[in-house]
Protein chains: 2
Amino acid sequence: MTGVQERATSEGTRRPTRQRAAVAAVLADTDEFRSAQELHALLREGGDKVGLATVYRNLQAMAADGEIDMLRTDEGEAVYRACSTGHHHHLVCRVCGRTVEVEGPTVEAWATRVSAEHGFTEVRHTLEIFGTCATCSR
Amino acid sequence: MTGVQERATSEGTRRPTRQRAAVAAVLADTDEFRSAQELHALLREGGDKVGLATVYRNLQAMAADGEIDMLRTDEGEAVYRACSTGHHHHLVCRVCGRTVEVEGPTVEAWATRVSAEHGFTEVRHTLEIFGTCATCSR
DNA sequence: ATCTCAAATGAGAACGATTGTCAAAATCCT
DNA sequence: AGGATTTTGACAATCGTTCTCATTTGAGAT
């Protein structure tokens, strides 16, 4: 049901296709979070003809495999970004969308401790902070 | 566009209506996060006839005024909760779905500090921990 | 109590992101 | 090459949410 496997880093049995590569390519070109529709448009501009549904499918698959990061904007739209190395969290401005990457040894430790206290294993967590950045709150 | 005013705590010039009161009432009855549609259904069951659009409008207005909390589920659906209840996070078992509510003063403090360091204001955060619970892991 | 006017409501249409459908095309395996 | 299987693409369908606009309601003046 959840699609989450025991070995989260496994790639499953997905086939390499031109479209999949194209999606991965645009994603690798920007360090910003982009929506599926934006990525689809970018592919079009770049001359790669890929169906919108295919873009959605690939993004989901890649996100499920942990190859890319996915989060929701304040409006509920899903946005994706190439997974940079290292675990970190995001501080997102809800006005201009600017994203700051932050690390939190504190949080990591806390999450681990709390999980252990409740007997949970194989833990993973997501933490997003939304606010108004200095420029936008002026 | 964003609807965020300079005086965030102001109530603006909104009129007290039967519908608004009804929405506030159901919301006050549960300490869980509920979607607009769920709340609308609850109102129906309770005999209060309130239009769906009205529920949406009131929830938005109340959230904008900071009277209630609003956040997005993993699927992008907006869910609301009466503001008074304590803020907590969830530890979810990805196998059986069991959910444990956990509090984290540590995390709260950390999030606040990090946000401030980057000049962010009006911050809110979401944190979910996924893992395998003791029962399911063996 | 009545009148007036802006704000609020309700019903349903409209919208936008995402998902489902299914025949055609691509890939893998032998 | 040949057949099974996955992936794709075009478009219909869904679903949450927002918009439209005629009608109702609340607040203050008369």
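Visitor: What is the area buried between chain A and chain B, and what makes it count as buried?

Guide: The area is about 3,200 Å². It is called buried because it is the accessible area, taken with a 1.4 Å probe, that the two parts lose on being put together, summed over both. Carbon and sulfur atoms give 66% of the area between chain A and chain B. This is a predicted model, in which local features need pLDDT of at least 70 and side-chain atom pairs count only at pLDDT 80 or more, while totals for chains, interfaces and linings use all residues. Residues are numbered from 1 along each chain as its sequence is written, chains are lettered from A and ligands numbered from 1 in the order in which they are written, and side-chain values use heavy atoms, with hydrogens and water left out.

Visitor: How many residues of the two chains are in contact?

Guide: On chain A there are 40, and they are in contact with 38 residues of chain B. Contact means heavy atoms within 4.5 Å.

Visitor: How many residue pairs across the interface of chain A and chain B are in polar contact, and what makes a contact polar?

Guide: The rule finds 9 residue pairs there, both residues being at pLDDT 80 or more. A polar contact is a pair of N or O atoms within 3.5 Å; within protein, one must be able to donate a hydrogen and the other to accept it, and residues adjacent in sequence count only if both atoms are side-chain atoms. On the side of chain A that touches chain B, the elements giving two or more residues are β4 (89–93), β5 (99–102), α4 (105–117), β6 (121–132) and α5 (134–137) of chain A. The names stand for DSSP runs numbered from the N terminus: helices (H or I) have at least four residues, strands (E) at least two. β6(A) gives the largest share of that side, 12 residues. By class, the side of chain A that touches chain B has 17 nonpolar, 14 polar and 9 charged residues. Ala, Val, Leu, Ile, Met, Phe, Trp, Tyr, Cys and Pro count as nonpolar, Asp, Glu, Lys and Arg as charged, and the others, Gly among them, as polar.

Visitor: What makes β6(A) and β6 of chain B a pair of strands?

Guide: Two strands pair if DSSP finds at least two bridges between them. Here 9 bridges join β6(A) to β6 (residues 121–132) of chain B, so the two strands pair by that rule, and they run antiparallel. A:Ile129 has B:His125 in β6(B) as its bridge partner.

Visitor: Why are β1 and β2 of chain A called edge strands?

Guide: The open sheet of 3 strands has the order β1-β3-β2 (chain A), with antiparallel pairing. β1 (34–35) and β2 (68–72) each have a single partner strand, so one side of each is left without a neighbour in the sheet. β2(A) is joined by 5 bridges to β3 (residues 78–82) of chain A, where A:Ala82 stands opposite A:Ile68.

Visitor: What makes A:Glu101 and A:Arg81 a salt bridge?

Guide: A salt bridge needs a side-chain nitrogen of Lys or Arg within 4 Å of a carboxyl oxygen of Asp or Glu. The closest N and O atoms of A:Glu101 and A:Arg81 are 2.9 Å apart, so the pair qualifies. A:Glu101 lies in strand β5 of chain A and A:Arg81 in strand β3, so the pair ties together parts that are 20 residues apart in sequence. Over all chains the structure holds 12 salt bridges, but the count between chain A and chain B is 0.

Visitor: Which residues come nearest to DNA strand C?

Guide: Of the 25 residues around DNA strand C, they are A:Tyr56, A:Gln60, B:Thr17, B:Thr54 and B:Arg57. A phosphate oxygen of DNA strand C is 2.7 Å from an N or O atom in the side chain of A:Tyr56. The largest share of the surface near DNA strand C, 5 residues, comes from α3(A).

How values were computed: Near = heavy atom within 4 Å.
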